[in-house]
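Me: I'd like to go through this structure with you, a piece at a time. Can you start with how the surface figures are to be read?

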Amino acid sequence: MPERLGPRFDLAFTLNGTPVGMATTTATTLADLLRERRDGRGTKLACERAVCGACTVLIDDVPRASCSVFAFEVADSDVRTVEGLGTGGEPSAVQAAFADNSAFQCGFCTAGMILLTEALLARDPDPDDAMIRDWISSNICRCTGYALILEAVREAARRKREAGE
Amino acid sequence: MNDLAPLRTIGRSDRRIDAAEKVAGRAVYTVDIGLPDMLHAKVLRSPHGHARIRSIDASAARAMPGVHAVLTRDETAAIRMPVYGYFIKDQPIVATDKVRYEGDIVAAVAAEDEGTANRALAAIRVDYEPLPVVSDLERASDPDAPELFEEAPVGIVPKYGEGASGELRPRRNVCYRFSYETGPADAFADCDHVFEDVFRFSRMHHFHLEPFVSVADWSREDRIELWTSCQNPFGLRKEIARIFGLGENQVAVRVPYIGGGFGSKNGCKTEPVALALSRLAGRPVRFCLTLEEGFLTNTQHAAILKLKTGVMADGTLIARESEILLDSGAYSDGSPLVAEKAGYRIPGPYRYKRIKTDCYCVMTNTAPAGPFRGFGGTQTSWASESQIDMIAHRLGIDPCEMRRRNLIDLGEPFVPGESGIDSDLHEGLDLVVRELGYRDRNQPENEGPVRRGMGLSIGFKDGGGVNKPALARVKVSTGGDIFLQCGTAEIGQGAHTALAAVVAERLGADRSRVRYMPVDTDHSPFDQGTNASSAISVMGQAVDRAALAARRQILEFAADALDCPAEELELTDWEIRRGNEAHPLAPMIMGRFGGTGWEFVGEGFHKAENSHAAPLEAPCVFWEIGWGGAQVAVDTETGQVTVEKLFVTGDAGRAIHPLVCRGQDEGAALMGLSQALFERMIYDGSRLVNGDALTYRVPLADDLPEDFRSVTQEQGHGPGPFGAKGMGEGGMLPVASAIANAIHDAVGVRITELPLTPERVLAALAEKDGR
């Protein structure tokens with residue numbers, strides 16, 4: 001557990017569509033804040049240097065490495081994590097495409113990869129292969145060799161377009 | 001090649017059994033485990049590569065508020081046997097007399113949080129007497145080289161079979177030697193040519209995303225509970241019981257999902273420190289390393305491989321002698337086992353009259369090296385497949401033809417006493433040649449500063465581990481719900497999915513009826529470990545037998561109830577079919593066993609029979625082959641090598657889950673590609689200079705070759721269920737040598753040292769041109 005350094009303050013932001021308020025400290029990172037909540041451990045920490053992207057979350061729709069964002073930075077922001085994807089227990093189109101394409105192995109990078117893909121497809125519903133590669137290259141997957149992930153992203157884009165999302 | 005009709009479950013790429021949890025972020029890993037009153041551990045690491053410890057003063061740390069336990073050599077002295085390792089018990093829980101690498105653990109603290117633990121560590125005073133370091137593999141055994149271990153640690157040499165031998169401490173700073181010899185010693189005398197070449201292999205870190213982590217609870221004196229990111233929970237249980245002087249039934253090891261390992265998560269890593277602190281504090285302790293500390297915990301083996309190969313003028317291989325030096329780092333870890341395999345695999349998939357090999361584990365003042373995907377086979381495939389190409393060119397033979405002339409036939413033993421090769425090696429080679437367009441290479445457009453070329457390689461290793469027992473249990477409830485209990489950890493490779501598929505197929509059930517029970521040494525049947533691509537080939541056989549045993553019991557029960565021979569009955573969807581009749585099982589079971597019902601329990605066991613004729617005391621379970629081919633473009637002005645095409649193919653025997661097989665080969669191939677081109681740990685003496693995520697470069701999606709493909713062959717000769725064989729390491733083995741061979745094809749220079757950097761290519765081009 002990380003230490004609670006710095007002055008305490010009350011933080012308010014939107015987490016997966018729900019307004020939340022909690023007491024925290026100025027030196028707490030967003031990743032630690034999320035993970036200490038019992039329901040927030042889908043956000044994974046690996047390098048803790050904003051390199052690998054395992055801890056990617058969306059802050060106002062922008063993918064960010066939550067290991068390197070202070071909790072105070074998200075005051076009044078809209079934060080989305082893997083726990084907030086899908087509706088009514090059904091996975092999102094991106095989650096479903098990752099599941100169907102075996103676009104994961106150990107699963108440690110998967111939440112980050114999925115959130116990255118959600119952000120990409122929100123900006124560009126029909127990205128070309130170069131764009132997909134470019135985006136996926138911001139995160140590290142040590143298991144898959146990436147090809148299955150790239151296919152899952154294409155598949156997710158296709159499904160979302162067909163569903164008119 | 002995937003032309004076999006899928007069965008009900010086998011051969012279908014349904015969603016993996018772990019898919020729903022993993023895409024939803026609900027999968028639980030050891031990093032996610034928390035216990036009430038849990039403390040957090042951090043360790044103090046040596047800033048010296050080699051030093052004697054004069055004194056340690058931890059009194060200030062002990063007095064700090066929030067600190068609940070401090071572990072130094074003063075405390076570990078009370079532990080029954082505070083050292084660990086595989087064959088050789090040489091690694092202390094915390095340093096005692098000396099530190100042997102930068103990063104060696106000197107002290108540990110358990111505190112309310114990691115920050116407090118780190119502050120306490122900073123207050124520990126250690127007085128070191130620095131010693132000269134050993135960092136050069138070739139000079140480590142010089143008479144004047146400093147010695148890492150002045151006294152011999154406790155160690156064993158396992159029993160070997162025909163032609164194989166091992167020795168502890170054969171020379172200075174060498175902890176182990178493995179040797180193998182077969183065929184007449186004078187075989188070189190008959191050769192038309194004898195070629196001697198030296199190859200150098202660089203060192204990678206596994207870079208598994210989930211860090212080394214464990215949660216240890218030894219708050220009750222007579223009972224250890226341990227959650228850990230570990231691939232061999234039973235081996236770990238044995239080691240923990242030995243270290244701390246407990247019974248194995250006092251130690252429970254639980255393995256949640258593992259966030260990648262690639263070999264590193266075998267044996268003791270974080271666990272002894274966490275346990276010792278938990279005992280001292282009387283509270284549970286979580287010990288999670290940073291990724292940077294991971295670099296200091298376990299690595300691949302750098303190597304120097306000296307090959308002497310005798311051939312006839314027509315390219316027929318006759319004899320190969322080799323000397324392999326593995327950089328084992330400061331502690332033996334899995335090095336002697338890797339030495340066995342490197343020494344054994346160096347001939348590659350070819351027929352020789354004479355093989356002699358000596359492989360040495362050389363200790364240096366660097367991080368301990370241990371198991372890494374390929375397990376010695378990556379090193380040997382790099383050297384061997386490079387040299388085969390070199391010899392072919394020297395003899396004026398096409399490298400592909402050279403290989404064909406010498407490949408071991410399907411069913412032919414690798415060496416005397418061994419099992420037969422269970423893949424048609426020619427079939428895989430033909431596939432690479434076809435997919436790559438190898439025959440049409442070197443077209444006239446190969447002019448100008450950028451030259452193109454192609455290279456082939458056949459990576460080779462014995463698969464399934466040595467002498468591995470595996471036990472599995474399949475339970476089926478009254479309602480037809482299936483429990484699969486076995487010790488294979490899910491580390492990403494898809495083993496839980498594949499093993500559940502085997503059970504579902506045998507029981508005529510949907511795979512969704514199968515639950516893979518948590519891996520827990522208190523409840524899971526015994527397993528040697530999740531390693532050596534053994535899940536489907538070793539555990540798979542045990543699981544298959546367990547499922548068939550359960551099925552037989554169910555059919556015999558039904559035959560008794562229906563008063564007919566069991567042979568007339570079929571089991572499908574938890575109904576007994578007899579001709580056109582269908583009999584639901586649940587009422588039948590409750591009729592016999594009462595309303596609570598019953599569980600049918602089948603057990604299955606597998607172990608290769610021991611045989612002294614086999615060099616490693618048991619014949620190899622299966623042969624893991626990775627055929628590969630690459631097309632490169634070499635810029636002769638910059639030395640830049642661009643891999644334009646990379647094709648790899650393995651033989652799954654029978655692909656239980658084709659997409660999982662594909663992912664294994666492609667993930668392995670990309671690891672091979674990055675090793676070939678750029679990925680390496682850089683040491684300056686005893687100091688690792690790029691041990692962090694930013695400066696240590698692992699491959700990204702952008703590093704994929706423009707044309708990157710894999711094909712899963714299903715040749716059907718595997719020993720596993722439905723003809724399956726192991727996967728997961730083979731795809732890495734051929735890549736570096738295929739690329740080096742392609743560079744030679746393109747520009748006529750031979751690089752014998754990894755990685756194949758622009759600097760090395762340019763230097764080789766300059767040397768060739770006499771510049």
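Reply: Accessible areas here come from the Shrake-Rupley method with a 1.4 Å probe. On that basis the accessible surface of chain A comes to about 6,500 Å², and 48% of it belongs to carbon and sulfur atoms. Please keep in mind that this is a predicted model.

Me: How many helices and strands are there in chain A, and in what order do the elements run?

Reply: Chain A has five helices and five strands, and from the N terminus on they are arranged as β-β-α-β-β-β-α-α-α-α.

Me: What about the radius of gyration of chain A, and what would a compact globule have?

Reply: The radius of gyration of chain A is 16 Å, which agrees with the value near 15 Å that a compact globule of 165 residues would have. Along the principal axes, the C-alpha atoms of chain A fill a box of roughly 45 × 30 × 25 Å. Of the 165 residues in chain A, 58% are buried, and among contacts with a separation of 6 or more, 53% link residues 24 or more positions apart.

Me: Which residues of helix 4 of chain A are buried?

Reply: In helix 4, which spans residues 129–136 of chain A, the buried ones are Ile132(A), Arg133(A), Trp135(A) and Ile136(A). They cover an arc of only 165° around the axis, so they sit on the same side of helix 4.

Me: And what covers them?

Reply: The cover over the buried residues of helix 4 of chain A includes strand 4 (62–65), helix 3 (110–123) and helix 5 (147–162), which also belong to chain A.

Me: Switching to chain B, how many of the residues of helix 8 are buried?

Reply: In helix 8 (residues 335–345) of chain B, 10 of the 11 residues are buried, so this helix is largely enclosed by the rest of the structure. The buried set includes the charged-type names Glu340(B), Lys341(B) and Arg345(B), together with others including Val338(B) and Tyr344(B). Among the elements of chain B that cover the buried residues of helix 8 are strand 19 (317–329), strand 20 (354–363) and helix 9 (377–395).

Me: Where does Tyr101(B) lie, and is it buried or exposed?

Reply: Tyr101(B) lies in the loop between strand 7 (98–99) and strand 8 (105–111) of chain B, and it counts as buried because its relative accessibility is 3%, against a cut-off of under 20%. Leaving aside residues up to four places away in sequence, Tyr101(B) touches a set of residues including Arg45(B), His48(B), Leu296(B), Tyr331(B) and Pro368(B).

Me: What about Ile304(B)?

Reply: Ile304(B) lies in strand 18 (residues 303–311) of chain B and, at 4% relative accessibility, also counts as buried. Among the residues that Ile304(B) touches are Leu137(B), Val198(B), Phe199(B) and Ile324(B), again not counting those up to four places away in sequence.

Conventions. Residues are numbered from 1 along each chain as its sequence is written. Chains are lettered from A and ligands numbered from 1 in the order in which they are written. This is a predicted model: local features need pLDDT of at least 70, side-chain atom pairs count only at pLDDT 80 or more; totals for chains, interfaces and linings use all residues. Side-chain values use heavy atoms; hydrogens and water are left out. Helices (H or I, at least four residues) and strands (E, at least two) are DSSP runs, numbered from the N terminus. The radius of gyration is taken over C-alpha atoms; the globule rule is 2.2 Å times the number of residues to the power 0.38. Buried means under 20% relative accessible area, exposed over 50%, partly exposed in between (1.4 Å probe, protein chains only). Contact means heavy atoms within 4.5 Å. The arc is that of the directions from the helix axis to the C-beta atoms.
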